[in-house]
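Good morning, and thank you for the time.

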Number of protein chains: 2
Amino acid sequence: MPVFLDTTQPDFEAQFAAVLSAKREDSPDVDDIVAGIIADVRARGDAAVLELTAKFDRLDLATDGLAFTPAEIEAECAKVSPEDRAALETAAQRIRAYHVRQMPEDAQWTDPDGATLGWRWTPVSAAGLYVPGGLASYPSSVLMNAIPAKVAGVQRLAITVPTPDGVINPLVLLAARIAGVDEIYRIGGAQAIAALAYGTQTIAPVDKITGPGNAFVAAAKRRVFGKVGIDMIAGPSEILVIADAENDPDWIALDLMSQAEHDESAQSLLITDDAAFGQRVAQAVEARLQTLERRDIAGASWRDYGAVIVVRDLDEAAALSDRIAPEHLELCVADPEALAEKTNHAGAIFLGQWTPEAIGDYVGGPNHVLPTARSARFSSGLSVMDFIKRTTIAKMTPAALRVIGPAAERLAQSESLEAHGLSVTARLNKLNEK
Amino acid sequence: MPVFLDTTQPDFEAQFAAVLSAKREDSPDVDDIVAGIIADVRARGDAAVLELTAKFDRLDLATDGLAFTPAEIEAECAKVSPEDRAALETAAQRIRAYHVRQMPEDAQWTDPDGATLGWRWTPVSAAGLYVPGGLASYPSSVLMNAIPAKVAGVQRLAITVPTPDGVINPLVLLAARIAGVDEIYRIGGAQAIAALAYGTQTIAPVDKITGPGNAFVAAAKRRVFGKVGIDMIAGPSEILVIADAENDPDWIALDLMSQAEHDESAQSLLITDDAAFGQRVAQAVEARLQTLERRDIAGASWRDYGAVIVVRDLDEAAALSDRIAPEHLELCVADPEALAEKTNHAGAIFLGQWTPEAIGDYVGGPNHVLPTARSARFSSGLSVMDFIKRTTIAKMTPAALRVIGPAAERLAQSESLEAHGLSVTARLNKLNEK
């Protein structure tokens, strides 16, 4: 059973602080190993990648090649059932439709001083997407990373996915094909990140790398950051459900377990204004934990990091939610829109009892790559914005320079940056000659 | 004299690669020291900050307090000349007008399946801005960091600025007041970053930290990233000027020197389609380097990292510009708009000979905090986007869940995430009962 908290109890603040600060992830320090792998790939390119793949994935790619061939991709995709293929295509279509709307507009205007100002957005030229192998090889994550990149206009999108002992999930390749991925390499680990960032004889370097991975991949992404852009380093998944008594406890229990089953370090929280309902949900969780396939993982997560928090009213729930800044926030209350208005910090909000969080993982349309570990206070989920960048634009006329140039000269002087000032002065002098 | 390159020469690629990869910054490894300082501030709060300030800034704040009082701020601001004040206000007004236009819209729509989708933007609650002390204490940078935060709606904006031996630049305090900064602390270094990230008895923690700093500040920002958001770690400044022969060589020389004077590690590059013009600019630089106040810095930068690159035509110039991905790109050619269209990667573009880059540093309106070290390939300058975050929103109706729920169930099964699927199935079962 998880911990039960009640905001009316005197020790609530201490207990809530413990829930908030529970250290759910203890990453092994692999930084030295990763530094060595990156240096090796930079120095020896393909040869290093081949050696490391032979060592870690027990796979000789010297003859097969680092990349899947079109024929191999075709053969794997043919293994996918029509039902699975249709589900992937439904998901892809909905994710694409949502992300197309995210594309921001360019802007340009001339201000009262005669200066023309604006900005324009351009896509990153080449992006790399890391896809984990094995159990965590999720085709839905391929769609969620690759589609925004392609919607943004990324010309070249490369995927790396390790295939330990040669095993690949056909759905991953099909998802990549549906999303329009251009290159697929069967490599993984820090060596894949190094190859994407620095390039090898076979793999051209990219400008941005996204996608989840283990501690080695995360450490490698941190190391290559600067040389290339990276997305956030994702932590274990989280959900906060705020539910009143007018819900089916089993539905809420399943929503909580759908995060808990991801990882023993996942965190599932319930806030309710009805203590008896909280108990019913906890009982429903226990019942489900008897039979769930991933009951060991889900049970450990719920036991170690789960909590039921009883509040006086929904205003109190909203205030606590902002302190949690959850990755996923599910609002199962009579007026979910009104409650959503009272919250400020969440990666994604799911409104009402007919919107289980799992819909958002697959087919809702919004991205499922979302800020974890309270980072929704300052960051956003993956979007087309991660694959475009803004260039600001300014154009002065002689008249505009006459109006605003003197202020620039003055400030340059005050900062003792003489050449800055003179670059304006020289032009103003020319204007004054006329 | 800087290096002269010519794209028609056989060794051009090797020489250009050397210009691109010149290692201009050799940060001392201060990570262990910084880790110790952060741990100390986390453990002892104000007491640690006071001790470190006494040690590094030779300043006893135990009696004066960590924060500037309103009376102190008032007294310092009164020292600023009316001309400097007017220039700051002109700059602030123009920067604000530009950044107001950056605020993105919320969105909400109902799709053909009956799902209501959208997103909303909310501000970061509290932000901290690091302002360097001493020579690099630029009031313009206070405006460029603080105004976007306030335009974004940040409720609480705190500045830290070290005042070694008690010395403060009054213009920095005035810029902070004009920008609407809420709290100003006279502390600096890694201890200031630690205080902003973790809080002390006096300083409440913030959610996001921006602003430039030395190697200690940069290392501290990297360390607290995750606990709070940070902006990019800025490298030495850069400018690329593309100029045809129809320019005053002295103007172009001053534009190049306005970056070179920032830092010996700055990089100023000229691309021209007229070799003789390139020579004239180089001569004009030498002439200016006789008298510039910061000639030692500017001269070292120009000698070590500057380059004049002669190209066959402007198309070639655009292609090279994209490989450089410059922080600042100045286009002094007959049709700068057409040339801008041919480039993809730059932090900021300045169109035409009447738009010296220095205008953008102070009063143009766009931000002067821009991506360096080729990171314009994948990132953007500072903007209101750095102080807001997006929450995605989804709401299913029973009818919508009936349409798209089965695809989610299917994909959950394929990923062996049973509870995900069951959370949808339980609801669909209820609908099928009816």
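**Helix packing and chain symmetry**

In chain B, residues B:V34, B:I37, B:I38, B:V41 and B:R42 of α2(B) meet B:A190, B:Q191, B:A194, B:A195 and B:Y198 of α9(B). The residues of this contact divide into eight nonpolar, one polar and one charged. Please bear in mind throughout that the model is predicted.

Helix α2 of chain B covers residues 31–44 and helix α9 of chain B covers residues 189–198; they pack at an angle of about 45°, and their axes are 9 Å apart. The two helices, α2(B) and α9(B), are therefore oblique to each other. Their crossing is right-handed.

I turn now to chain A. How do α7(A) and α8(A) lie relative to each other? Helix α7 (residues 139–152) and helix α8 (residues 170–179) of chain A pack at about 20°, with 9 Å between their axes. Since an angle under 35 degrees counts as roughly parallel, α7(A) and α8(A) are roughly parallel to each other. The crossing of α7(A) and α8(A) is right-handed. On the α7(A) side, the contact is made by A:P139, A:V142, A:L143, A:A146, A:I147 and A:K150; on the α8(A) side, it is made by A:L171, A:V172, A:A175, A:A176 and A:A179. These residues comprise ten nonpolar, no polar and one charged.

A further pair in chain A is helix α17 (residues 398–414) and helix α18 (residues 418–433), whose axes come within 9 Å and cross at roughly 145°. Here the crossing is left-handed. Among the residues making the contact are A:L401, A:R402 and A:E409 of α17(A), together with A:V424, A:R427 and A:L428 of α18(A). The contact residues of this pair divide into eight nonpolar, five polar and three charged.

Next, the domains. Chain A is divided into domain 1 (3–25 + 235–364), domain 2 (31–104 + 124–230) and domain 3 (396–433). Between the C-alpha centres of domain 1 and domain 3 of chain A there are 59 Å.

Finally, the two chains together. A rotation of 180° superposes chain A on chain B, with 0.0 Å of shift along the axis and an RMSD of 0.0 Å. That is the relation of a two-fold axis. Which residue of chain A comes closest to the rotation axis? That residue is A:P104, with its C-alpha at 4.0 Å. As for the interface, 98% of the interface residues of chain A are also interface residues in chain B, so the copies meet through the same surface.

Terms used:
Residues are numbered from 1 along each chain as its sequence is written. Chains are lettered from A and ligands numbered from 1 in the order in which they are written. This is a predicted model: local features need pLDDT of at least 70, side-chain atom pairs count only at pLDDT 80 or more; totals for chains, interfaces and linings use all residues. Side-chain values use heavy atoms; hydrogens and water are left out. Domain bounds come from an automatic or database domain assignment. Axes are lines fitted to C-alpha atoms, for helices over the stretch in contact, and angles run from 0 to 180 degrees between N-to-C directions. Helices (H or I, at least four residues) and strands (E, at least two) are DSSP runs, numbered from the N terminus. Angles under 35 degrees count as roughly parallel, over 145 as roughly antiparallel, 65 to 115 as roughly perpendicular and the rest as oblique. A crossing is left-handed if the near helix is turned anticlockwise from the far one by less than a right angle, and right-handed if clockwise. Contact means heavy atoms within 4.5 Å. Ala, Val, Leu, Ile, Met, Phe, Trp, Tyr, Cys and Pro count as nonpolar, Asp, Glu, Lys and Arg as charged, and the others, Gly among them, as polar. Copies are superposed by least squares on the C-alpha atoms of residues with pLDDT of at least 70 in both.
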